[in-house]
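Visitor: I would like to learn how to read packing, rings and pockets in a model. Can you walk me through one?

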Amino acid sequence: KQWYQRRVAITAGILIISWAYIKLMGPHGLRSATEVAILNANYMAMKLKDHYPIMFTNSNGFCAHEFILDCQNFPGTNIGVMDIAKRLQDYGFHAPTTSWPVANTMMVEPTESEDKAELDRYIDALISIRKEIQDIQDGISDPENNPVKRAPHTLDVVTADEWDRPYTRKMAAFPLPWITRTTKVWPAAARVDDAYGDQNVFCTCPPVEAYSVSDLKS
């Protein structure tokens with residue numbers, strides 16, 4: 001019973017956020033936000049459709065408030081959606097939803113909160129990554145030792161005394177003109193094995209003994 005009561009309390013707390021959002025926006029605000037979200041998603045999809053296949057559009061090629069990029073068909077490479085997701089970090093962006101609802105895809109949902117300049121930067125980043133993949137397909141870049149497969153590039157890696165990669169440090173960390181030393185958002189960690197991490201969870205917090213009552217009283 002106590003567990004159930006806690007569950008209900010937590011759920012109720014979440015519902016208050018949705019309720020407050022609806023009350024603050026009102027009918028006209030909700031309609032406007034929905035229209036802008038749909039407009040933003042279709043704007044991005046139209047800009048990206050010549051670079052990535054767009055899945056699940058209607059008969060006119062339009063989508064709803066989100067769209068899905070097919071990231072599983074780059075002949076001559078072993079590039080997958082996680083490679084693109086990790087490379088996006090070098091451009092200063094967190095990747096959108098990956099491999100859902102379709103494996104090896106990216107579901108982009110720009111919402112109504114981003115302005116056009118930010119949407120354009122995200123579009124430019126994805127197009128730039130597609131060109132990097134094309135360089136692999138054309139034999140210009142090494143199939144394994146390239147900016148996409150070795151992403152993300154941390155500050156420690158880029159500023160190290162030794163650089164053993166066939167592409168430049170600038171290509172690794174500053175691939176587009178608007179990514180500069182003053183605007184750069186550095187990834188906190190280099191590439192990790194996602195599957196291993198999912199299957200081998202460990203806690204980085206202090207041990208349980210550290211929270212003992214006796215320690216608190218002392």
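Visitor: Which residues does L126 touch, leaving out those up to four places away in sequence?

Guide: This is a predicted model. In it, L126 touches L48, Y52, L69, I84, L88 and M106, with residues up to four places away in sequence not counted.

Visitor: How many residues does the largest nonpolar core have?

Guide: In soluble globular proteins, nonpolar side chains tend to be buried together. Here the largest nonpolar core has 36 residues. Those with the most contacts inside it are F67, L69, I84, L88, M106 and L126. At least two residues each come from α1 (2-48), β2 (67-70), α2, β4 (105-108) and α3. Helix α3 gives the most, with nine.

Visitor: Now the rings. How many aromatic pairs does the structure hold?

Guide: A pair of aromatic rings is described by the distance of the centres and the angle of the planes. The structure holds four such pairs. Take F93 and Y122: the centres are 4.6 Å apart and the planes are at 50°, so the pair is tilted. F93 sits in the loop between α2 and β3 (97-98), Y122 in helix α3, 29 residues apart. Both F93 and Y122 are buried.

Visitor: Why is the pair of F93 and W178 edge-to-face?

Guide: The ring planes of F93 and W178 are at 65°, and over 60 degrees counts as edge-to-face. Their centres are 6.1 Å apart. W178 lies in the loop between α5 (169-173) and α6 (194-199), so this pair ties F93 to a part 85 residues apart in sequence. W178 is partly exposed, at 28% relative accessible area, while F93 is buried at 10%. Ring pairs link F93, Y122 and W178 into a cluster.

Visitor: What about pockets? Which residues are closest to the centre of the largest one?

Guide: Rolling a probe the size of a water molecule over the atoms shows where empty space is left. The largest pocket holds about 240 Å³ of space. Of its 13 lining residues, A85, Q89, F93, H94 and A95 are closest to the centre. Helix α2 (residues 81-90) gives the most to the lining, with four residues. By class, the lining has eight nonpolar, four polar and one charged residues.

Visitor: How much space lies in the second largest pocket?

Guide: About 170 Å³. Its lining includes F93, Y122, M44 and E118. Helix α3 (residues 116-137) supplies the largest share, three residues. By class, there are seven nonpolar, two polar and three charged residues.

Notes
Residues numbered from 1 in each chain as written. Predicted model: local features only at pLDDT ≥ 70, side-chain atom pairs only at ≥ 80, totals over all residues. Heavy atoms only, no water. 1 Å grid on protein atoms, 1.4 Å probe; cavity = no way out; pocket = protein on both sides within 12 Å on 5 of 7 lines; lining within 4 Å. Points joined across faces, edges and corners; volume = space filled by probe spheres on them. Nonpolar A, V, L, I, M, F, W, Y, C, P; charged D, E, K, R; others polar. Core = buried A, V, L, I, M, F, W, Y, C linked by side-chain atoms within 4.5 Å. Buried < 20%, exposed > 50% of the residue type's maximum accessible area, 1.4 Å probe, protein only. Contact = heavy atoms within 4.5 Å. Phe/Tyr/Trp six-rings, centres within 6.5 Å; stacked < 30°, edge-to-face > 60°.
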